[in-house]
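Here is a short briefing on aromatic contacts and nonpolar cores. Look over the sequence and the structure before reading on.

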Amino acid sequence: MPLIYSSNLYKVSRRIVLLLILCAPPALAGGDAFPIGARSWGMANAVVAQSDRYSVVNNIAGLAGVRDASLFSSYHTYYGFDGLGTVAFGAVMPVNNSLTTGLSIQRFGDKLYNELAFGVGAGHRINRISLGMKINYVQIAVNAPSLALSRKALAVEMGGIAQLSSRLYFGAHMYNVTQGGFSGESGVRLPTILRAGLTYRPISGLHLNGELMKNTAFPTSFRAGLEYAPVPSLFLRTGIATHPGTNHFGLGYAANAFNVDYAVHTHSQLGWSHHFTVAYSFARKTKTE
């Protein structure tokens with residue numbers, strides 16, 4: 001029994017230490033500590049100026065450039081620690097050629113500690129400018145033998161993407177615009193996160209991305225990533241990030257309406273993390289005479 005108890009205590013201690021390092025403020029509450037989508041992770045999450053279905057969790061303004069309805073599901077596991085994983089689901093629905101809506105659901109953690117985030121938003125395009133807003137409901141829960149609590153919060157995020165030329169895009173995004181906090185007596189505030197960056201497309205099939213991200217609780221982070229499609233259905237990705245220093249690699253494959261993406265990123269002290277996403281696109285039917 002002592003050996004089993006010591007082993008379990010070690011596992012719990014490891015988890016608590018990592019949570020203190022990475023999840024304060026909460027992982028999903030900041031909308032960026034553990035981002036969603038293997039495509040984004042493959043490019044070091046330098047995607048603030050990019051427009052795709054994953055904009056519903058990365059920069060809501062990017063939804064304005066999405067023309068097809070789609071669904072996606074993601075699974076992320078971090079650094080080989082039990083209980084440190086995220087499951088996410090998202091849906092995107094265009095209303096017309098300039099307005100697209102979306103929703104996202106994310107759950108991080110396990111029975112001991114977990115976070116749930118649910119958000120709905122929309123992106124609207126006017127000429128070369130896209131603007132978006134999203135409202136998120138965030139809940140954290142602790143179910144330990146000596147502690148049980150639940151806290152809730154609402155967070156508003158806003159973003160914009162400007163097409164500077166046919167090949168260059170600028171994006172900016174702010175999470176927790178109203179600087180809201182969790183319910184209860186603790187008075188813990190959600191972090192405010194600012195992101196700004198560029199996407200450059202020098203040739204067809206090549207995306208070069210860079211961005212700066214500032215979380216009020218951490219130092220400014222720089223991220224850079226690229227995506228290259230040697231053939232129309234295959235995508236190769238890589239990227240780097242600072243604070244923390246990580247290296248990123250990813251692959252994507254598009255088969256008709258299905259997209260499958262995988263990414264891995266490494267941390268010098270914590271090790272490897274894996275990311276997997278499956279998406280299905282409902283292509284719009286063209287009218288025939």
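A residue counts as buried when its relative accessible area is under 20%. By that cut-off, Trp41 and Tyr78 are both buried. The model is predicted.

**Aromatic pairs**
- The whole structure holds 5 aromatic pairs.
- One of them joins Trp41 and Tyr78 in a tilted arrangement. Their rings lie 6.4 Å apart, centre to centre, with 50 degrees between the planes.
- This pair links distant parts of the chain, 37 residues apart. Trp41 sits in helix H2 (residues 38-42). Tyr78 lies in the loop between strand E1 (69-77) and strand E2 (85-94).
- Trp41 and Tyr78 belong with Phe108 to one aromatic cluster.

**Phe108**
- Strand E3 (residues 99-109) contains Phe108.
- Phe108 is classed as buried because its relative accessibility is 0%.
- Thr77 is 31 residues from Phe108 along the chain, and their C-alpha atoms are separated by 9.7 Å.

**Nonpolar cores**
- The largest nonpolar core has 19 residues. Tyr78, Leu84, Phe108, Tyr113, Tyr175, Phe182 and Leu190 touch the most other members.
- Helix H2, strand E5 (129-144) and strand E6 (147-163) each give two or more residues to this core.
- Strand E5 supplies the largest share of this core, 3 residues.
- A second, separate core has 11 residues, among them Ile36, Val56, Phe72 and Val92.

Technical notes: Residues are numbered from 1 along each chain as its sequence is written. This is a predicted model: local features need pLDDT of at least 70, side-chain atom pairs count only at pLDDT 80 or more; totals for chains, interfaces and linings use all residues. Side-chain values use heavy atoms; hydrogens and water are left out. Helices (H or I, at least four residues) and strands (E, at least two) are DSSP runs, numbered from the N terminus. Buried means under 20% relative accessible area, exposed over 50%, partly exposed in between (1.4 Å probe, protein chains only). Rings of Phe, Tyr and Trp (its six-membered ring) pair if their centres lie within 6.5 Å; planes under 30 degrees apart count as stacked, over 60 as edge-to-face and the rest as tilted. A nonpolar core is a set of buried Ala, Val, Leu, Ile, Met, Phe, Trp, Tyr and Cys residues joined through side-chain atoms within 4.5 Å.
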